[in-house]
Amino acid sequence: MGTLGNPKNTIEILNKYSFAFQKKFGQNFLIDNHVLGKIVRAADITEDDFVLEIGPGIGTLTQYLCESAREVLAIEIDKKLIPILQETLADYDNVSILNEDILKVDIASLVKEYNNNKPVKVVANLPYYITTPIIMDLFEKHVPLSGVTIMIQKEVADRIKAGPGSKEYGALSLAVQYYAKPYIAANVPPNCFMPRPKIGSAVINLTPHQTPPFNVENESLLFSLIRASFNQRRKTLVNGIYNYEGLHFSKEDIIGVLDAMGIPNNIRGEALSLEQFVGISNHLLKYF
Ligand code: SAM
């Protein structure tokens, strides 16, 4: 498969271009072919797939993607990496490289332009300083997606996957699970990267729901309620919602909704399932 997934070849190309790692861009390049194979298998890429790669680095994962996908679009913020990518990807005619900031480009328009608005697979070893905004952007901006397979901090992967009652459960778990089904495909130790990150990583696969799992009448109210409930973890749900700036429900209305749903008044957000949050949101809508 690729040629770069080992320390020797990675160091060789970095030295050739006198490349200096930029900490501010979260640059930890993969140097383990075994892990690269796992990412590609978890993404289940076929020759029909269009893949969007965020942060190709020196093209280590990109080479694998080019060999399995129909087409690859790789978006890299660091302009110093562009000439390197031109060299390492020179043998592939199914890849486009854009020198852009993923948080500033309009991903939905790129999907329109490059893939006729048909669903794309996102595959990436993400820069960890912006993991959450990237994931939420993909879902909230309704980018047509057929799968998302990303390397992220292990701690964030555990939070995404968590269910009610566990200490990792929170707004991120609910937000992601509203859009997709998470599955942790691999845990990856720091020695698989250059330079080594301080923390453990995980490959997580998010399969977007074909249809929303619940009927939500007002998504923005649902997300405000979720944020309100986890804003101050120790507060009860009633106080969390009542005190949240931007929401103006009376305590009686909130308690009335909980009573109608048979939920105890002293419950905390961390004990509620996504389905219960949706129920509360749909019931509270009449007081909104
Ligand atoms: N894919 C490569 C690999 O696996 O070896 C590199 C992964 S490295 C963890 C993250 C990459 O994302 C770096 O190449 C970094 O320059 C790039 N990056 C960081 N911030 C970015 C942004 N806002 N938009 C696009 N790329 C970004």
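The structure is a predicted model, in which local features require pLDDT of at least 70 and side-chain atom pairs count only at pLDDT 80 or more, whereas totals for chains, interfaces and linings use all residues. Residues are numbered from 1 along each chain as its sequence is written, and side-chain values use heavy atoms, with hydrogens and water left out.

The chain comprises 12 helices and 9 strands, assigned as DSSP runs numbered from the N terminus (helices: H or I, at least four residues; strands: E, at least two). Along the principal axes, the C-alpha atoms fill a box of roughly 70 × 40 × 30 Å. Of the 288 residues of the chain, 51% count as buried. Here, buried denotes under 20% relative accessible area, exposed over 50%, and partly exposed the range in between, with a 1.4 Å probe and protein chains only.

The ligand sits in the largest cavity. A cavity is defined on a 1 Å grid over the protein atoms alone as a set of points where a 1.4 Å probe fits but cannot get out, and a molecule sits in a cavity if more than half of its atoms lie within 2 Å of its grid points. Around the ligand there are 23 residues, of which Leu30, Gly55, Glu76, Asp101 and Asn125 come nearest; a residue qualifies as near if one of its heavy atoms lies within 4 Å of the molecule. Polar contacts, defined as pairs of N or O atoms within 3.5 Å, are subject to further conditions within protein: one atom must be able to donate a hydrogen and the other to accept it, and residues adjacent in sequence count only if both atoms are side-chain atoms. The protein covers 99% of the 600 Å² of accessible area that the ligand has on its own, areas being computed by the Shrake-Rupley method with a 1.4 Å probe.

A polar side-chain atom of Thr131 lies 3.1 Å from the backbone oxygen of Tyr128. With a relative accessible area of 2%, Thr131 is buried.

A salt bridge is taken as a side-chain nitrogen of Lys or Arg within 4 Å of a carboxyl oxygen of Asp or Glu. By this rule the count comes to 9 salt bridges. One of them joins the side chains of Asp49 and Lys121, with an N to O distance of 2.9 Å. This pair links distant parts of the chain, 72 residues apart: Asp49 belongs to the loop between helix H2 (33–43) and strand S2 (50–54), and Lys121 to strand S5 (residues 120–125). Both Asp49 and Lys121 are buried.

Helix H7 (residues 154–161) contains both Lys154 and Asp158, 4 residues apart, about one turn of the helix. The side chains of Lys154 and Asp158 form a salt bridge at 2.8 Å, N to O. Lys154 is partly exposed at 31% relative accessible area, and Asp158 is likewise classed as partly exposed, at 25%. A salt bridge also connects Arg159 with Glu155, the closest N and O atoms being 2.8 Å apart. Arg159 and Glu155 are separated by about one helical turn because they lie 4 residues apart in helix H7. Arg159 counts as partly exposed at 29% relative accessibility, and Glu155 is partly exposed at 47%.

Most residues other than glycine have a negative phi, and most peptide bonds are trans. The peptide bond from Met194 to Pro195 is cis, with omega near -15°; Pro195 lies in the loop between strand S8 (193–194) and strand S9 (201–208). Ser18, which is not a glycine, has a positive phi of about 45°. This residue, Ser18, is found in the loop between helix H1 (7–16) and strand S1 (29–30) and is exposed, with a relative accessible area of 63%. Asp44 has a positive phi near 50° and is placed in the loop between H2 and S2. At a relative accessible area of 54%, Asp44 is exposed.

Methods. 1 Å grid on protein atoms, 1.4 Å probe; cavity = no way out; pocket = protein on both sides within 12 Å on 5 of 7 lines; lining within 4 Å.
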